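Dear colleague,

My notes follow below it, and I would be glad if you checked them against your own view.

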Amino acid sequence: NSRLGNNSRSNSTLGMTLGVTLGETLGEKCSHIVPPQVDIVHAEIRPLLQKLTDPKTLNIHLIKVLTFLMELFPTMFNEKLCDQLLKTLKKWMESSIYNINPLQRNQNFAEEVLLCQAIINTFHLIPPPKNFFGSLISCILKAEKCLAVEIGSPFQEGLFKFVLKHPSEAVDLFLKELHEPSMNRMFYNFLKRKDAGPLRNFLCAMPMRILTAASIPPPTHDTEYGSHVSDISMRLQEVLFQGIKIIALLAKHNSDFLTKNRDIVSHLKNIWNKHSFQDRFRFPEKYHVPIHQWREPMLLVKCLLFYLKSCPDDMELLFQILHVFDAIYIPNMRFLTDHLQKNVIEGFTIEQRRACFFKFVEIYPMSSSRGVQWTPELKGKILQYIIVPMFQYSFNKGDVEALIEGRNKPTSSSGGSAAPQSKSEGNIINVFMDKDNKIILEQKRKKYRLRLCVDTTALPSSFLDPIIKGSSTSGSSKSKSLCSYRPGKVFNSFMISSSKSRLKCSSQSAVSSRSNTFLGSSSN
């Protein structure tokens, strides 16, 4: 700060602000009263433009006068002035970089920096030529790197005004160079400014630009995130990280951004549900993840939570986020537990709690659906962090019958209290028990398909007749039920009866052998 001269810069900034304000006011009033005379204006501007090429006559006062004229007469200047000012800027940038050396520094260093700052503040007032922004930003980034003033750079204020005036060209260049650290840092700093609302709104109106720039498809094989990471893969991962950062920032300032752009949400879901993505950030040392990318899972979860706040009925996404608790991540994920406690456990209505439980019952028997792996660990986390606390909160609040039966004032047909054991489609206990019984029956069927693979038609009828016909008593319910069995079930019943017969015979032989031993019989 001492090097740049705080006092002189504050005074010049105050003068510039007052001058611009007066210029805008006079320009608005005078343009409606008297049209500008082109010849007189050109005669006054021409000597100023000639002084731009002479380093001896160029100073901050001249640039300020030229700036006020641009404010008053914006149509009097063309694209050639931009090129001339850019050439002048590059010369003074090189001079300031040369004077940054402590052994060669002179007293004009601060003035040179302030002069460069004043020149940059003029570019948003005149029409730029084609591809002008790329040349301007490369010149500024080079100077910031050499002067070591990237944080609190005096050049970015004027550049930000130019970006607001020409957002399309600036956004295209920034998104194209997301893999460059200096470019993405500058772009992110511009987006998070308080007065960057027009730039954020422009970017929100063009979501496909973000998706195209950061549309790195999630890896299909775990080996793509292996220990050996090439330069191309690191570049792609950096672009993906920067894209998630931008999406998280836009979602923070625009609550309906993700709600209106479901394609971005689907892309984020696919990235989050990939097993390779989870492993990459659980073991960052193994997969050579840069330190600044360790925040990527936290930012991705925040994006999904921003979407859930607008669409809380997406229960599957709520369950999928709980992959966070499968392992220990380096970033702090405390915000997720706070969200679950405030917006889910305590914030859900009775209908949402019942819908959440029914969705859990639906996915409980599944191992995967639509590319999502419903592992036993994830189902356990759903019970631990959502279902059980949610039910406990409802029970403590006194909403037991309303939660179980789905009625605000649950009453039975006789006028008494509701009976949870009664058969009804809305009773969550019955729904869970029916689903559990179906799961058990399905498991038994799978088990029987493996065991009952013998063709019962090859068995002699003498083995099957006692089982099919049952006892000698005709018309018994037992014989009727046995007659309705399929061959596989007949064989299963036969195996059961045969095992019982063998057990009975073995017990009788054991008793007879013991009796013979006690009686001392000599016969075998």
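How many of the 12 residues of α5 are buried? The answer is 11 of its 12 residues, so that α5 is mostly covered. Please keep in mind throughout that this is a predicted model.

**Overall picture**

The secondary structure of the protein chain consists of 25 helices and two strands, and of the 524 residues in the chain 42% are buried.

Helix α5 runs over residues 109–120, and its 12 residues should span 16 Å at 1.5 Å a residue, which agrees with the 17 Å found between its end C-alpha atoms. The buried residues of α5 are Phe 109, Ala 110, Glu 112, Val 113, Leu 114, Leu 115, Cys 116, Gln 117, Ala 118, Ile 119 and Ile 120.

Asn 131 is placed in the loop between α5 and α6 (132–147), where its relative accessible area of 57% makes Asn 131 exposed. The phi angle of Asn 131 is near 60°, which is a positive value in a residue other than glycine. Ala 148, in the loop between α6 and α7 (156–165), also has a phi near 60°, again a positive value in a residue other than glycine, and Ala 148 is exposed with a relative accessible area of 66%.

**Helix α18: one side covered**

The buried residues here are Leu 336, His 339, Leu 340, Val 344 and Ile 345. Because they cover an arc of only 145° around the axis, they lie on the same side of α18. On the other side of α18, by contrast, Arg 334 and Lys 342 are exposed. The elements that cover the buried residues of α18 include α16 (296–310), α17 (315–320), α19 (350–363) and α20 (376–397).

**Two helix pairs**

Two packed helices are described by the angle between their axes and the distance between the axes. The axes of helix α8 (residues 167–176) and helix α9 (residues 181–191) cross at roughly 135° and come within 9 Å. The two helices α8 and α9 are therefore oblique to each other, and the crossing in which α8 passes α9 is left-handed. Leu 173, Phe 174 and Leu 175 of α8 make this contact with Met 183, Met 186, Phe 187 and Phe 190 of α9.

Helix α14 (residues 262–272) packs with α16 at an angle of about 135°, the axes being 11 Å apart. That angle makes α14 oblique to α16, and the crossing of α14 and α16 is left-handed. On the α14 side the residues that meet α16 are Arg 262, Val 265, Leu 268, Lys 269, Ile 271 and Trp 272, and their counterparts in α16 are Pro 297, Leu 300, Val 301, Cys 303, Leu 304 and Tyr 307.

**Individual residues**

The loop between α12 (231–253) and α13 (257–260) contains Asn 254, and Ser 255 is found in the loop between α12 and α13 as well. Asn 254 has a relative accessible area of 18% and is buried, whereas Ser 255, at 57% relative accessibility, counts as exposed. Not counting residues up to four places away in sequence, Asn 254 touches Asn 201 and Cys 204. For Ser 255, the C-alpha atom is separated by 8.1 Å from that of Tyr 307, although the two residues are 52 residues apart along the chain.

Leu 52 belongs to helix α2 (residues 38–52) and, at 4% relative accessibility, counts as buried. Leaving aside neighbours within four places in sequence, Leu 52 is in contact with Leu 58, Leu 62, Ile 63, Leu 66, Leu 81, Leu 85 and Thr 88. Leu 52 and Thr 88 are 36 residues apart along the chain, and their C-alpha atoms are separated by 7.3 Å.

With best regards

Key:
Residues numbered from 1 in each chain as written. Predicted model: local features only at pLDDT ≥ 70, side-chain atom pairs only at ≥ 80, totals over all residues. Heavy atoms only, no water. Buried < 20%, exposed > 50% of the residue type's maximum accessible area, 1.4 Å probe, protein only. Helix = DSSP H or I, 4+ residues; strand = E, 2+ residues; numbered from the N terminus. Arc of directions from axis to C-beta. Contact = heavy atoms within 4.5 Å. Axes fitted to C-alpha atoms, helices over the stretch in contact; angles between N-to-C directions. Parallel < 35°, antiparallel > 145°, perpendicular 65-115°, else oblique. Left-handed = near helix turned anticlockwise from the far one by under 90°. Expected span 1.5 Å × (residues − 1).
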